[in-house]
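Dear colleague,

I am passing on the structure that we spoke about, and my notes on what was found in it follow below. Please read them with the model open beside you.

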Amino acid sequence: VEVIRKLYLPPYASAVDAGALSVMASFSSWKGTKMHAQQYLLTDVLKDELGFNGFIVSDWQGMDQIYPDDYYASIVTSVNAGVDMNMVPYDYVKFIETMKQAVDYGDIPESRVDEAVRRILRVKFALGLFESPMPDTKYQATVRSREHLELARQAARESLVLLKNENNVLPLSKNTPVIFIAGEGANDIGLQSGGWTLEWQGKKGNDNEGTTILSGLRALADPQTRIEFNRDGDFSEFKNADGSPLVADVGIVVLSEPPYAEGIGDAADISLKANELRLLADVGEQSKAVVVILLSGRPRVITDGLPLAESWVAAWWPGTEGGSGIADVLFGDYPFTGKTAYSWPRSNEQPPININNAKDKTGCGAPLFPFGYGLAYGESMPEM
């Protein structure tokens, strides 16, 4: 309980104080009990202690998971624990009939149903849903408005974390003579947006409007700068005037995870793949310096690849305006301000290794980068 209160409760208290109207129960468990069954946390702490007056909604079929073989017991337990609204994606008739039966049998008190209804109605009245149940069409015009795009661009650049910057390769000069750009993610909005975008698991491709990393860099670079792109890192076709191989002043390699969402994206191996390391090496042979932009929904094990590039940038999934935001910072129009929100693992054997949440794994060593790490321009990576 002490750890829960110290590490996890403060954001909820802040959200309640700020006027949050709904909270979703998690699929996770605490001390072996599913969160949808945690009366102490949902009712005693959230509702009573913190004074939360909104409603608690279940996750997608989350109530069903308490007792997988006993739907009735699951619903009774979850409702009595404090869940006010059930997210029923399929068989709502079964849920309604089960609720009625549980109330008739006295397993769910009518007072508990009244409380749930009162909480839900309170929020609907506060939002004016009975007077105006449909969204105001005037806001359609604000979708992808300049203001929104600028905010998305700002969010992208402020989330970038500079992990390494040997020899002060970054920031790049806008009149750098030759820049090579490699990697599938350099010209793919889907790969820079991640999951929960056009589809649940996200999708590759440029079906969404936005700015790719390639187009963002081209837009800010000097018109005389020669920028060549090859997703596979093969720039052998480009020659100097005398026919000799063209060598880039800077090679930018975009390494990208496939998009994913929720547990489907879980992976025991988060290290760089052989083809990614090979891409780094290939671009390094054709460039005077290499900059890596890492697109991912989590830290990846980059230990083997770290020496293959002078600069490494964790860009996470910067979204549709990520290309512009990344270009802003790489060219030095804005500083690096992002910090790691997780301890960065050195190997696949280390996780979980986040601050205050690390297993005692003798011999695994310290993380590659600690929680809260992030360089500014002019700073060097400490000895690791």
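Thr-98 is buried, because its relative accessible area is 9% and buried is taken to mean under 20%. Please keep in mind throughout that this is a predicted model. Thr-98 belongs to helix H4, which covers residues 92-104, and, when residues up to four places away in sequence are left out, Thr-98 touches Tyr-71, Tyr-72 and Ile-75. Between Thr-98 and Ala-73 there are 25 positions in sequence, while their C-alpha atoms lie 9.7 Å apart in space.

**The chain as a whole**

The protein chain contains 10 helices and 10 strands, and its C-alpha trace spans about 90 × 60 × 35 Å along the principal axes. Of the 384 residues in the protein chain, 44% are buried. Among the contacts with a separation of 6 or more, 73% are between residues 24 or more positions apart. The chain exposes about 20,100 Å², and carbon and sulfur atoms supply 53% of that area.

**The nonpolar cores**

The largest nonpolar core has 57 residues, and the ones with the most contacts inside it are Ile-252, Ile-302 and Trp-312. Elements that give two or more residues to this core include the strands E5 (161-165), E6 (178-182), E8 (250-256), E9 (290-295) and E10 (311-316), together with the helices H8 (213-220), H9 (274-285) and H10 (322-330). Strand E9 gives the most to this core, with 6 residues. Apart from this core lies another one, of 18 residues, among which are Val-16, Ile-75, Val-79 and Phe-95.

Which residues does Trp-312 touch, not counting residues up to four places away in sequence? They are Val-161, Leu-162, Leu-163, Lys-164, Leu-255, Leu-272, Leu-280, Val-292, Ile-302, Gly-305 and Leu-306.

**Helix H2**

Helix H2 takes in residues 39-49, and within it Leu-41, Leu-42, Thr-43, Val-45, Leu-46 and Lys-47 are buried. The buried residues of H2 pack against the helices H1 (2-17), H3 (71-81) and H5 (110-126), and also against the strands E1 (22-24), E2 (29-30) and E4 (55-57). After H2 comes Gly-51, which has a positive phi near 75 degrees.

Lys-164, which is placed in strand E5, counts as buried because its relative accessibility is 6%. A polar atom of the Lys-164 side chain lies 2.8 Å from the backbone oxygen of Leu-306, and the side chain of Lys-164 also reaches the backbone oxygen of Ala-309, at 3.0 Å. Leaving out residues up to four places away in sequence, Lys-164 touches Leu-306, Pro-307, Ala-309, Glu-310, Ser-311, Trp-312, Leu-375 and Met-381.

Arg-300 has its place in the loop between E9 and E10, and with a relative accessible area of 4% Arg-300 is therefore buried. Its neighbours within four places in sequence aside, Arg-300 is in contact with Glu-257, Ile-270, Ser-271, Leu-272, Lys-273, Glu-276, Leu-294 and Trp-344.

**Backbone details to look at**

A cis peptide bond joins Leu-170 and Pro-171, with omega at about 5 degrees, and Pro-171 is placed in the loop between E5 and E6. The peptide bond that runs from Pro-351 to Pro-352 is cis as well, with omega near -5 degrees, and Pro-352 is found in the segment after H10.

A positive phi is found at Trp-196, near 55 degrees, in a residue other than glycine. Trp-196 lies in the loop between helix H7 (189-193) and H8, and at 59% relative accessibility Trp-196 counts as exposed. Trp-316 also has a positive phi, of about 55 degrees, although it is not a glycine. Is Trp-316 buried or exposed? Trp-316 lies in strand E10 and, at 17% relative accessibility, Trp-316 counts as buried.

With best regards

Methods:
Residues are numbered from 1 along each chain as its sequence is written. This is a predicted model: local features need pLDDT of at least 70, side-chain atom pairs count only at pLDDT 80 or more; totals for chains, interfaces and linings use all residues. Side-chain values use heavy atoms; hydrogens and water are left out. Buried means under 20% relative accessible area, exposed over 50%, partly exposed in between (1.4 Å probe, protein chains only). Helices (H or I, at least four residues) and strands (E, at least two) are DSSP runs, numbered from the N terminus. Contact means heavy atoms within 4.5 Å. A nonpolar core is a set of buried Ala, Val, Leu, Ile, Met, Phe, Trp, Tyr and Cys residues joined through side-chain atoms within 4.5 Å. Accessible areas come from the Shrake-Rupley method with a 1.4 Å probe; for residues, only the protein chains shown count as cover. A polar contact is a pair of N or O atoms within 3.5 Å; within protein, one must be able to donate a hydrogen and the other to accept it, and residues adjacent in sequence count only if both atoms are side-chain atoms.
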